[in-house]
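Student: I have a protein structure open and would like to learn how to read it. Could you take me through it one feature at a time?

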Amino acid sequence: MTSRPNILLITADQWRGDCLGTVGHPVVKTPSLDAFAETATVFEQHYATTAPCSPARASLYTGLYQMNHRVIWNGAPLDDRFDNIARAGRRAGYVPTLFGYTDTSPDPRVHDPNDPALSTYEGVLPGFSVRQPLPEDDKPWRSWLAARGHDPASFDTLHQVEPEDGELISRKAPRYSKDETQTAFLTDSFFNWLGEQDAGKPWMAHISFLRPHPPVTVPEPYNTMYDPENGPEFKGAESAWQEAAFHPLVSALQEYQHLSSHIPGANGHARDLTRQDLKRLRALYYGMITEVDAQLGRIFTAIDQIADDTVIIFTSDHAEMMGDHWMLGKGGFYKESYHIPLIIRGPGVAKAGRVSAFTSAADIFPTLLDVLSLEPKHKPDGSSLAPYLRGQTPTGWRDAALYEFDFRRLLQFFPEELRRSCQAGGASALTRLGTDWQYVHFSGLPNLLLAANDEKGGIENKAESEPAALIQNMNALLSSRMRHNDETLARTMVWEYYSN
């Protein structure tokens, strides 16, 4: 083993935490990840800190909750003063190399106003060297397809598929093959780069896969691999309108979630889908997961040759509602939007096993710091998972997951009175998800107390019927919020700073 391990961070965008064979999903096939999990540590209750992509990734990369990094939506800049995984990697002597994207909007205060970097939210996390970008317009992937014989004139409808008679959701295959997906494109790029690395010189790479992020389409054989009738029951109310009536934020999300975000060329809203439509869409989503798993298998096979020198982290940025509560996409307060996978394997670090404790995306940054014996440049909100990786149980570990959702961009979908109330209060939701209860505290909207283990995902607010549980969870949430005040300099006297 080298003095420093190789580091490989893999994210698969919008992957639900329950959609893994190794955690017991009744339908989804993930043979590569299942085999990987046999030699790794699986964190079964791992949660994103927020949504959508940019805020969630800011937490993953900096170890901070949204309350401190303040990236509230795609396009909100990440403060340049924060440390992150790439900057830490450089301090350890690596050249952190990116395949894909980080969705990091740059801090405009350190850029000239004419800098094109300020024209997009798809910036690169400071510290990364970009080997293969994959922006939203897919241009690098499209050029690769053109070199393989695809007609560039057809690229504007690349993800659209032939309709099926009588079905809104078509399960036909797109024009590209299973070896020509964005996932395969990034995997091939990683292999090309890996072959260029000097033997004995540690490397650090981040592969940021787009899939199973929408648009929901996948080539053969994955498009028909799953029967739409197979799968767990959907969580939530019997109808979309009943779900919307449960809470104003749900109603606003329903108004915001357009079908076109998931189905190329579609019109209308996600709430317009029938259960049959949702089942067909979910079957395609499962196929997208298995497609990514196949490419992960290629990577794991290659890395197995240097497994004694490599730390591998597999996770996602946030999850996907995929029909639960009559919603698609991410956001809001339901746990289906925040429960994500985390599997870690490493030399002299990871021990095969399962961890049922609540862990957070904010824990990844401090874990890497621990592995590399580095100090952070700011105080992370998360904690190192290294004790779990060594088979130990840390004392004083959190007893609940904490996640946030800033919904100021949705205020246009609220009635005027509620809109004014939310604007005055800050338009955010803070959730504490424990073993028994899920408590959601809102600024300007009714608070919620939900049974955490309701198998049907019922929509019954018990804030009034369970006053003791309400007070207990409210106090616990407030204490958590206070514990995560920024402590970067708070515990240091100025005359002690350099002496320490």
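Student: How many helices and strands does the protein chain have?

Tutor: Helices (H or I, at least four residues) and strands (E, at least two) are DSSP runs, numbered from the N terminus. Here the protein chain has 13 helices and 12 strands. This is a predicted model, in which local features need pLDDT of at least 70 and side-chain atom pairs count only at pLDDT 80 or more, while totals for chains, interfaces and linings use all residues. Residues are numbered from 1 along each chain as its sequence is written, and side-chain values use heavy atoms, with hydrogens and water left out.

Student: What is the radius of gyration of the protein chain, and what would a compact globule have?

Tutor: The radius of gyration is taken over C-alpha atoms, and the globule rule is 2.2 Å times the number of residues to the power 0.38. For 500 residues the rule gives a value near 23 Å, so the 22 Å of the protein chain agrees with a compact globule. Its C-alpha atoms fill a box of roughly 65 × 60 × 50 Å along the principal axes.

Student: What percentage of the residues is buried?

Tutor: Buried means under 20% relative accessible area, exposed over 50%, and partly exposed in between (1.4 Å probe, protein chains only). In the protein chain, 56% of the 500 residues are buried.

Student: Is Glu-233 buried or exposed?

Tutor: Glu-233 counts as exposed because its relative accessibility is 71%. Glu-233 sits in the loop between strand E5 (204-209) and helix H7 (240-246). From C-alpha to C-alpha, Glu-233 is 9.3 Å from Glu-455, although 222 residues separate the two in sequence.

Student: What volume does the largest pocket have, and which residues lie nearest its centre?

Tutor: On a 1 Å grid over the protein atoms alone, a pocket is an open set of points where a 1.4 Å probe fits, with protein on both sides within 12 Å along at least five of seven lines; lining residues have an atom within 4 Å of a point. A volume is the space filled by probe spheres set on the points, which are joined across faces, edges and corners. The largest pocket holds about 940 Å³. Its lining has 42 residues, and Glu-136, His-213, Pro-214, Ser-261 and Lys-330 lie nearest the centre.

Student: What about the second largest pocket?

Tutor: Its volume is about 800 Å³. Of its 31 lining residues, Asp-18, Lys-235, Lys-335, Glu-336 and His-339 are the closest to the centre. Strand E2 (41-47) and helix H9 (275-303) are the elements that each give two or more residues to this lining.
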